[in-house]
Amino acid sequence: MDMEKEEWQDPENGYVPLTPERLNPLLKTEWLGRHCVYYEETQSTLSDAKELAANDAPDGTAIVAEYQGNGRGRFSRGWFSPKGKNVLVNLLLRPTFLQTTDAPKCTLLAAVAVAKTMRDFGVDAAIKWPNDVVYDGKKITGMLTEMHTAKDAVDYISIGIGMNVNMTREECPEEIRDKAMSMRIATGHIFDRAVFLAAFLQHFEALWQTLARQGFAPILAAWRDLSVTLGQEVQVAAGDKTFTGKAVDIDDFGALLVDTSEGRRRVLAADVSVRAAGGQYA
């Protein structure tokens, strides 16, 4: 075994491989994550999900990777994660109750599940619209949702989520060191990634079942409770246009509603920065 593998499999430092054999005994879900596909290294779990979906992978498949060579977030931005430190998971879902316009709802639901799970583990996480989970103003989780349709119906939904668990500040590239956060940085503790992932899957499944049975309203209420965006002065960058205003709510489709000097604007896809105490936007 080479030194790199010895290091990331060091249990005392949180490097136990996140294999199905490690995860399965910890699961309390009915269906989510019961089929788990594991990669020590992959280019992208989103690409893996697409291939698995084409080969009839079941609803609730969890794709777990220790490292992604081409991880990405919104607007095709890269996502850095050192090998074996964080939780990189993709959820492959085949809902029959969603419409083709419902992808944003899935993203908001995933953000709620992440924030709730981190709070269970002592990290007071919150959500920055639409789906960045943050702690102390720094990003601790990113995610990307892709919906694939067939004949005007949902074929499957793929949600790729990168949750920063045991990454240290020194492991972050210098250019993001002041912006990134992890549960370990926040608390000083090393976490069992399998226990954390099992708890996250339980939260997600419960919220997903709520969505199926009661609609989006309970998810929306939970998102509002966890939001650090609503009620704040924000700067919105949409394409080559930028404007400022007060974020007052999100609508039933997950769009952010911003009151500006020229009236209320509905934001579906944009960079949104919240004004910090010093007056700058972050």
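This is a predicted model: local features need pLDDT of at least 70, side-chain atom pairs count only at pLDDT 80 or more; totals for chains, interfaces and linings use all residues.
Let me begin with the seven-stranded sheet. Seven strands form an open sheet, and if you read across it the order is S1-S2-S3-S7-S6-S5-S4, with mixed pairing. At the edges are strand S1, residues 36–39, and strand S4, residues 126–128, each of which pairs on one side only. From one strand to the next, the twist averages 20°.

Helix H3, residues 45–54, lies across S1, strand S2 (61–65), strand S3 (87–93), S6 and strand S7 (153–163), and it runs at about 30° to S3. Helix H4, which covers residues 103–120, lies across S4, S5, S6 and S7, and here the angle to S6 is about 145°.

Now I would like to stop at one residue in this sheet, valine 133, which is found in strand S5, residues 132–135. Strand S5 is joined to strand S6, residues 138–150, by three bridges, and the two strands run antiparallel. Which residue in S6 is the bridge partner of valine 133? The partner is threonine 141. Is valine 133 buried or exposed? Its relative accessibility is 0%, and because buried means under 20%, valine 133 counts as buried. If we leave aside the neighbours within four places in sequence, valine 133 is in contact with a list of residues that includes Ala111, Val114, Ala115 and Met118, and also Lys138, Ile140, Thr141 and Met143.

Let us turn to glutamate 66, which sits in the loop between S2 and S3. Glutamate 66 has a relative accessibility of 1%, so this residue, too, counts as buried. What does the side chain of glutamate 66 make with the side chain of tyrosine 38? The two side chains make a polar contact, at 2.9 Å. Glutamate 66 and tyrosine 38 are 28 residues apart in sequence, and from C-alpha to C-alpha they are 8.4 Å apart in space. The side chain of glutamate 66 also reaches the backbone nitrogen of leucine 18, at a distance of 2.7 Å.

Next comes a helix whose length we can check for ourselves. Helix H6 has 22 residues, 193–214, and at 1.5 Å a residue it should span 32 Å; the C-alpha atoms at its ends are 31 Å apart, which agrees. If you try this by hand, the expected span is 1.5 Å times one less than the number of residues. The N-terminal end of H6 is capped by aspartate 192, with a side-chain oxygen that lies 3.0 Å from the backbone nitrogen of alanine 194. Just after H6, we come to glycine 215, which takes a positive phi of about 90°.

Five strands form an open sheet in the order S11-S10-S9-S8-S12, and the pairing is antiparallel. Its edge strands are S11, residues 263–267, and S12, residues 271–274, each pairing on one side only. The twist in this sheet averages 40° from one strand to the next.

We can follow the pairing through this sheet. Strand S8, residues 233–238, is joined to S9 by six bridges, and within this pair valine 234 has glycine 245 as its bridge partner in S9. S8 and S9 form a hairpin with two residues between them, and in the turn glycine 239 has a positive phi of about 65°. S8 also pairs with S12 over four bridges, in the antiparallel sense, and there glutamine 235 has serine 273 as its partner in S12. Four bridges join strand S9, residues 241–250, to strand S10, residues 256–260, and isoleucine 250 stands opposite leucine 256 in S10.

Finally, a word on cysteines. A disulfide is a covalent bond between the sulfur atoms of two cysteines. How many disulfides are counted in this model? The count comes to zero. Cysteine 106 counts as buried, because its relative accessibility is 0%, and cysteine 172 is buried with a relative accessible area of 2%.

How values were computed. Residues are numbered from 1 along each chain as its sequence is written. Side-chain values use heavy atoms; hydrogens and water are left out. A polar contact is a pair of N or O atoms within 3.5 Å; within protein, one must be able to donate a hydrogen and the other to accept it, and residues adjacent in sequence count only if both atoms are side-chain atoms. Buried means under 20% relative accessible area, exposed over 50%, partly exposed in between (1.4 Å probe, protein chains only). Contact means heavy atoms within 4.5 Å. Two strands pair if DSSP finds at least two bridges between them. Axes are lines fitted to C-alpha atoms, for helices over the stretch in contact, and angles run from 0 to 180 degrees between N-to-C directions. A disulfide is a pair of cysteine sulfur atoms within 2.5 Å.
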